[in-house]
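Me: I am new to reading protein structures and would like to learn how to go through one feature by feature. Could you take me through this one slowly?

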Amino acid sequence: MTNVFDAFAGTDNALYGPLPDPAADAGFDAGHPKRVGFFTDTSVCIGCKACEVACKEWNLVPDDGTDASDLYRLTGMSYDNTGDLGASTWRHVAFIEDVRPHGSATKAHGGDVTTGRIPSGLPALGGGALPSTRETVPAPGGGTVDLLSLLPDDGAHGQQTPDDERDVRWLMASDVCKHCTHAGCLDNCPTGALFRTEFGTVVVQDDICNGCGYCVPSCPYGVIDVRGSDGGAHKCTLCYDRLGSGLEPACAKACPTQSIQFGDLDELQAAADARLAELHDRGVSEARLYGRDEDDGVGGDGAFFLLLDEPEVYGLPPDPIVTTRDLPEMWRNAALTAVGLGVAAVAAFWRGRR
């Protein structure tokens, strides 16, 4: 069990740094199950959103809308209408359209093959082909029509034209709560609603949560949120009820490509290292692991990822840091300040008496 004095003295990793066994640190005996988690290989994600549906169905997570008019909302940003993680979205498959200048395709999306490029000479609605330069075409009733002027932003907003050819690739990734080794949401919960399970995961107890929202800004990933309909905080539980029955989480069970892999965390890490080496050998130098390093700002994640680009491209923070990391130093500085003020007050008192 964590010794508070050791933690604040900096001799214990209870608040920051590598922690081999979070469940043991939370008070479970040596016979507890091994730590489990997710390894999400985004290189084989097809964006089917089966994980989102399975998560909602098994956990009875309500729709994302706040009322009937918002039930079938469209973001207008891409094919992804979930938007992001939240109290009613515990799994989120991101659709990222990565648009680059023509000829800049990387190994991560086909090497020298210019996938997604719109070639010149596309068939027009009335037959023939689009002009190779910005020209006008005859209108049915006489005169001419500037084709590009009919497109949003005069043809400049996300449109491909023969004069403006680009390479486009889809990056798809199923995001989820990271079940951090050092979970800021858990450390800052004043009611004990958030707790560490025997599997090393982090779960919210709905009947204890008072909806204070302290956990929301404490999460470096922006995962947990308060649901407006019931006033409680909610996030992925890694299907805690299924784990207790020896079943894998619903999202991993439903994934058709094994992009989402569930198992003992040490085995997943070994599999991820092997997969990364395989991709590097195949020339995909952009591939990297995210949340795998136990020396990162949260002590490593229980749910980590293989990405094909920088974390920022996927909407992930490049250097997440648990919000409790600086607490020991803050309290030490506060104590030194208090001592200094006390000495100054005593000195002033004695000087006044003289």
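Reply: What follows is a conversation about the sheet, the core, a few single residues and the cysteines. This is a predicted model, in which local features need pLDDT of at least 70 and side-chain atom pairs count only at pLDDT 80 or more, while totals for chains, interfaces and linings use all residues. Residues are numbered from 1 along each chain as its sequence is written, and side-chain values use heavy atoms, with hydrogens and water left out.

Me: How many helices and strands are there in the protein?

Reply: Helices (H or I, at least four residues) and strands (E, at least two) are DSSP runs numbered from the N terminus. Counted in this way, the protein has nine helices and 12 strands.

Me: How do I read a sheet, and what is the order of the strands in the open sheet of four?

Reply: Two strands are said to pair if DSSP finds at least two bridges between them. Here the order of the open sheet is E10-E1-E12-E11, and the pairing is mixed. Strand E10 (260–264) and strand E11 (288–290) are the edge strands, each of which pairs on one side only. From one strand to the next, the twist averages 20°. Helix H8 packs on this sheet, where it touches E1, E10, E11 and E12, and its direction makes about 135° with that of E10. Such angles run from 0 to 180 degrees between N-to-C directions, with axes taken as lines fitted to C-alpha atoms, for helices over the stretch in contact.

Me: In which sense do E1 and E12 pair, and which residue in E12 stands opposite Asp-41?

Reply: E1 and E12 run in the parallel sense, with four bridges between them. Asp-41 has Leu-306 of E12 opposite, Thr-40 faces Phe-305 in E12, and Phe-39 has Phe-304 of E12 as its bridge partner. On the other pairings, E1 and E10 are antiparallel over five bridges, with Gly-263 of E10 as the bridge partner of Gly-37. E11 and E12 are likewise antiparallel, over three bridges, and there Arg-288 stands opposite Leu-307 of E12.

Me: Which residues lie on each side of E1, and are they buried or exposed?

Reply: In a regular strand the side chains alternate between the two faces of the sheet. A residue is called buried under 20% relative accessible area, exposed over 50%, and partly exposed in between (1.4 Å probe, protein chains only). In E1, Val-36, Phe-38 and Thr-40 lie on one side and Gly-37, Phe-39 and Asp-41 on the other, and all are buried. E12 is covered on both faces as well, with Ala-303, Phe-305 and Leu-307 on one side and Phe-304 and Leu-306 on the other. Over the whole protein of 354 residues, 39% count as buried.

Me: How many residues make up the largest nonpolar core?

Reply: In soluble globular proteins, nonpolar side chains tend to be buried together. A nonpolar core is a set of buried Ala, Val, Leu, Ile, Met, Phe, Trp, Tyr and Cys residues joined through side-chain atoms within 4.5 Å. The largest one here has 58 residues, and those with the most contacts inside it are Phe-38, Leu-194 and Tyr-314. Among the elements that each supply at least two residues of this core are strand E1 (36–41), helix H3 (50–59), helix H8 (265–281) and strand E12 (303–307).

Me: Which residues does Tyr-314 contact, leaving aside its neighbours within four places in sequence?

Reply: Contact means heavy atoms within 4.5 Å. With those neighbours left aside, Tyr-314 is in contact with Thr-42, Ile-96, Leu-171, Ala-173, Leu-307, Leu-308 and Asp-309.

Me: Where is Ser-218 found, and is it buried or exposed?

Reply: Ser-218 belongs to helix H5 (residues 215–218) and is buried, with a relative accessible area of 6%. Not counting residues up to four places away in sequence, Ser-218 touches Gly-184, Cys-185, Asn-188 and Thr-323. Ser-218 and Thr-323 are 105 residues apart in sequence, yet 5.8 Å apart in space, C-alpha to C-alpha.

Me: How many disulfides are there?

Reply: A disulfide is a pair of cysteine sulfur atoms within 2.5 Å, and by this rule the count is zero. For Cys-209, the nearest cysteine sulfur is that of Cys-215, 6.3 Å away. For Cys-236, the nearest is that of Cys-177, 5.6 Å away, and Cys-236 is buried, with a relative accessible area of 8%.
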